[in-house]
Amino acid sequence: MRQYVSKQNRALLSELVRTDFKLRYQGSALGYAWSLLRPLLLFVILYVVFVKFLKLGNGIPHYPVYLLFGIVLWNFFNEMTVMSLGSIVGRGDLIRKIRIPRWIIVFSSSLSALINLGLNLVVILVFMLVNHVDLYRTALWLPLILIEIYLFALGLSLFLSAAFVKFRDIGYIWEVIMQAGFYLTPILYPLSRITNVTLQKLLLLNPMAQAIQDARYSTITHETGTIWQVFDGGWYYLIPFIIVAATLVGGLLYFKSQADSFAENI
Amino acid sequence: MDNETAIKVDHVSKTFKLPHEKNNSIKGVVVNFYKRKKTFETQQVLKDVSFEINKGEFFGIVGRNGSGKSTLLKMIAGIYAPSEGNIHVNGKITPFIELGVGFSPELTGRENVFLNGALLGFNRKEMAAMYEDIVAFAEIEKFMDQKLKNYSSGMQVRLAFSIAIRARSSILLLDEVLAVGDEAFQRKCFNYFETLKRNKKTVIIVTHDMSAVERFCSRAMFIEDGEIKLIGKPNTVAAAYSRSNDENYKIAKVEKIVEEVPQETYGLTITTKNDRGISTNKFTSNDLMTVSLAWDNPEVNNASVTIIRQSGECMFGTGTYQDKFEFSLHDKVDYEVALNLQEGEYYLQVGLGREGQVKPVVLINNGPSFVVNRDKSDSRWDGFTKLKHEWKQ
């Protein structure tokens, strides 16, 4: 463990994250503000379409904040996996010419996404205050839920970034999976809109669906379905956590097995 | 490994898989799996290389393009993993082999200094402390807040070099640094080398500049086709390298001239076999090799086989006529020879002759080639062939 947090690794990690941030909004007039503006603008569009026209959110208190929170969490997951996926190949110049721990590259793009998430959560907080959302004591669970999402995304990122070195199709496939995942996760529509209980159960086995619902439940409103309500006892609600753990371990092992040959395969 | 050794390269081989068609799509994999066809070639870049470098040595590696020297350096740096064998490094080694790795054209000079410093393992505080010195040494104070893409290539190299020399490692790897920069920069490089030598750092340098090898290196190594050809004094190695360049040039010329001779082939086939009769082109020194010749013209009544080293020297050549061997069959003959040869690559020259004709009627100038590896049970010796010898007292 000592070697992973050595002074050199920390210095390298902080420089890589810094570089990521500097380069990302390079040359745009609003710069960092785009990190906040992007999810807000997406939120406005979805809000107008789904809340005002389609009236999906009836019956859920604070639906706009509820919607924005879901979008922010999903965006984090999407951004982190997509950015990490291309990170090893994108840093090919470094990998082919210099010996640095390979995982640092994936880790640094995950940190960039994490920083973005932090900024977005501040926006959520502001919205919650404006909407007079009562703060529940269950909000204390939120950090744990965020950690779950992060670990899930990290496992996928490790796997995807290593596989992308060999198979460039992964980029397109992942894009499609993320599109499908966005609609298969109750982000835009309340879970209660799905009347078929079996389908509800199936949807909630997805760790992202479970995490987003839990996050909303703990922080915004108790009037939303979570996995332990839907399954009503039993051990099934552990399945998403098992999936997260398996993804993380699988991702780590695969990345480790491939890391030595990145330099020659890129 | 004792304490005096800085780097030990122990029987290292490196093989690359070269896809015929870059196969990085899933469809390609599925289709190929289905067809069960290999769509890659393996290329052995380094073949069983072993050597040691002592602490404080200035070690030069020379060789032609594609001889495997950069691959070797990358493996020492830990960028590539060896396919076989081990590399032991005793001490802190610089992680990079080229100048300016990781420079980002969209960042300013200042930002790049910090990024590059991080790649060398320095944090911001340490970099801030030496920032002034780095900039002064590179002589580009005025440009530090400009984006790197607006720098001239000379400025980029100067900046990269002045960061790189800050590395606090005991072993340094340098690949072709001398090829870039103007004379003033080269002088700076040379001064830096002198400093390194004085400070007893271990330096491994890959270069084509023989004068630099002779001037700085305490020992040098000549690699050809992924094998060590020579390790020794810098001037010997430099001379061997220069000579091999000339020789390769000469052979290329000679081959063009020889082409006048016979056009006939008589369906001649040449096969090299080992002592178990299995067709192969890999041998070990002292192995028995059989060259099987077969043809389809009954008028042939003599044959000759010559073994030539890839660098052009004739090792040994003889024929049935000289050896007074009478043909009883007129469509094939076997030639058995003990390969008392130095390790290396060789090829065969084969001729067929007819009664009453001085010149061969069939002459294959560039026959099959084969490799002779070192017999590991045997001690090392110098020269082309192992003569029968004995020590007496």
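Me: Which sense of pairing do E5(B) and strand E6 (residues 202-206) of chain B show, and over how many bridges?

Reply: Strands of a sheet pair through backbone hydrogen bonds, either parallel or antiparallel. Here E5(B) and E6(B) pair in the parallel sense over 5 bridges. Two strands count as paired if DSSP finds at least two bridges between them. Helices (H or I, at least four residues) and strands (E, at least two) are DSSP runs, numbered from the N terminus. Leu172(B) stands opposite Val203(B) in E6(B).

Me: Before we go on, what kind of model is this?

Reply: This is a predicted model, where local features need pLDDT of at least 70, side-chain atom pairs count only at pLDDT 80 or more, and totals for chains, interfaces and linings use all residues. Residues are numbered from 1 along each chain as its sequence is written, while chains are lettered from A and ligands numbered from 1 in the order in which they are written.

Me: What is the order of the strands in the open sheet of chain B?

Reply: The 5 strands run E5-E6-E3-E7-E8, with mixed pairing. At the edges are E5 (171-175) and E8 (227-232) of chain B, each pairing on one side only.

Me: How many helices and strands does chain A have?

Reply: Chain A has 13 helices and 0 strands. Its radius of gyration, taken over C-alpha atoms, is 19 Å, close to the 18 Å from the globule rule for 266 residues, so chain A is as compact as a globular protein of that length. That rule is 2.2 Å times the number of residues to the power 0.38. The C-alpha trace of chain A spans about 60 × 50 × 35 Å along its principal axes.
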